[in-house]
Amino acid sequence: MTDRPVIASLGRKDFASDQDVRWCPGCGNNAILAQVQKTLPELGIPRENIVMISGISCSSRFPYYMNTYGIHTINGRAPTVAMGLKCARPELQVWVITGVGDALAMGGNYFSHAMSRNVDFTILLFNFRMYGLSKGLYSPTTPPGIRTRSSPDGSIENPVNPVGVAIGSEAAFIARTVDVFQKHMSGVLRRAAE
């Protein structure tokens with residue numbers, strides 16, 4: 001990726017679709033979207049060679065907000081679709097956009113197998129430790145004791161560690177960043193694309 005020239009004529013606005021973003025104000029999804037839209041032009045990959053694939057969650061609206069190709073799949077199956085697409089069209093830059101329920105609950109096996117197979121695509125897992133789409137229910141990554149609408153006395157389960165799952169699945173590249181650390185996130189996105 002480092003050999004590719006920056007496409008000088010493209011910027012963040014070129015990667016933004018004409019759809020109104022329907023995430024809650026202040027949600028970290030907005031910051032992640034902005035940074036992806038800012039970073040993609042720097043990769044030097046034409047928009048028509050980039051595909052965003054998502055399942056079901058708030059984060060899964062992502063393909064609608066990108067001016068690239070996009071596929072909205074069923075719950076938990078985005079990695080499977082990404083594997084098929086990448087195998088059929090290896091020249092494409094394929095990104096899976098997913099949340100904790102989509103990746104670690106309904107799609108747990110698909111998520112893990114995608115990483116163990118090391119097919120060349122990038123998974124962005126949005127981990128807000130609860131289900132935002134269902135308005136604050138606890139999720140596989142909710143820490144014990146956290147009170148939510150579905151755990152009024154506090155969550156009693158041990159949370160799933162997404163990094164641990166990735167390490168255990170022997171993923172080729174694993175990184176974490178936080179939505180408010182935009183400079184760090186940009187570097188992580190670039191390295192993930194490579």
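Buried, as I use the word here, means under 20% relative accessible area, with exposed over 50% and partly exposed in between (1.4 Å probe, protein chains only). Helices (H or I, at least four residues) and strands (E, at least two) are DSSP runs, numbered from the N terminus.

**Ground rules.** I am working from a predicted model, where local features need pLDDT of at least 70 and side-chain atom pairs count only at pLDDT 80 or more, while totals for chains, interfaces and linings use all residues. Residues are numbered from 1 along each chain as its sequence is written, and side-chain values use heavy atoms, with hydrogens and water left out.

**Entry 1, strand S1.** I started with S1 and found it mostly covered, with five of its five residues buried. Ile50, Met52 and Ser54 point one way from the strand, Val51 and Ile53 point the other way, and all are buried.

I then looked up Ile50, which belongs to S1 (residues 50–54). Is Ile50 buried or exposed? Ile50 counts as buried because its relative accessible area is 0%. Taking contact as heavy atoms within 4.5 Å, and not counting residues up to four places away in sequence, I get Phe15, Leu40, Ile45, Thr68, Tyr69, Gln93 and Trp95 as what Ile50 touches. I also checked a pair 132 residues apart along the chain: the C-alpha atoms of Ile50 and Gln182 are separated by 22 Å.

**Entry 2, the sheet.** Two strands pair if DSSP finds at least two bridges between them. On that basis I have an open sheet of four strands in the order S2-S1-S3-S4, with parallel pairing. S2 and S4 are the edge strands, each pairing on one side only. The twist averages 20° from one strand to the next.

For S1 I noted both partners. S1 and S3 pair in the parallel sense over five bridges, and Ser54 has Ile97 as its bridge partner in S3. S1 and S2 (residues 69–72) pair in the parallel sense over four bridges, and Val51 stands opposite Tyr69 there.

Next I checked the length of H1. The expected span of a helix is 1.5 Å times one less than its number of residues. For the 12 residues of H1 that should be 16 Å, and the end C-alpha atoms are 17 Å apart, which agrees.

H1 is mostly covered, with nine of its 12 residues buried. Among them are Gly28, Ile32, Leu33, Val36 and Thr39. What covers the buried residues includes S1, strand S4 (122–126) and helix H6 (182–193).

I picked out Asn29, which sits in H1 (residues 28–39). Asn29 is buried because its relative accessible area is 2%. Leaving aside neighbours within four places in sequence, Asn29 is in contact with Trp23, Cys58, Ser59, Phe126 and Phe128.

A nonpolar core is a set of buried Ala, Val, Leu, Ile, Met, Phe, Trp, Tyr and Cys residues joined through side-chain atoms within 4.5 Å. Which members of the largest one touch the most other members? Of its 20 residues, these are Val36, Leu40, Met52, Phe62, Met66 and Trp95. The elements giving two or more residues to this core are H1, S1, strand S3 (93–99), S4 and H6. Val36, leaving aside neighbours within four places in sequence, is in contact with Met52, Phe62, Met66, Leu124 and Leu189. Apart from this core lies another, of 12 residues, among them Ala82, Met83, Leu85 and Val119.

Axes are lines fitted to C-alpha atoms, for helices over the stretch in contact, and angles run from 0 to 180 degrees between N-to-C directions. H2 (residues 78–88) and H4 (residues 108–117) pack at an angle of about 30°, with their axes 8 Å apart. Pro79, Thr80 and Met83 of H2 make the contact with Tyr110, Phe111, Ala114 and Arg117 of H4.

Most residues other than glycine have a negative phi, so I looked for exceptions. Asn118 has a phi near 50°, a positive value in a residue other than glycine. Asn118 lies in the loop between H4 and S4 and is partly exposed, at 39% relative accessibility. Glu170 has a positive phi of about 60° although it is not a glycine. Glu170 is in the loop between helix H5 (162–168) and H6, and it counts as exposed because its relative accessible area is 60%.
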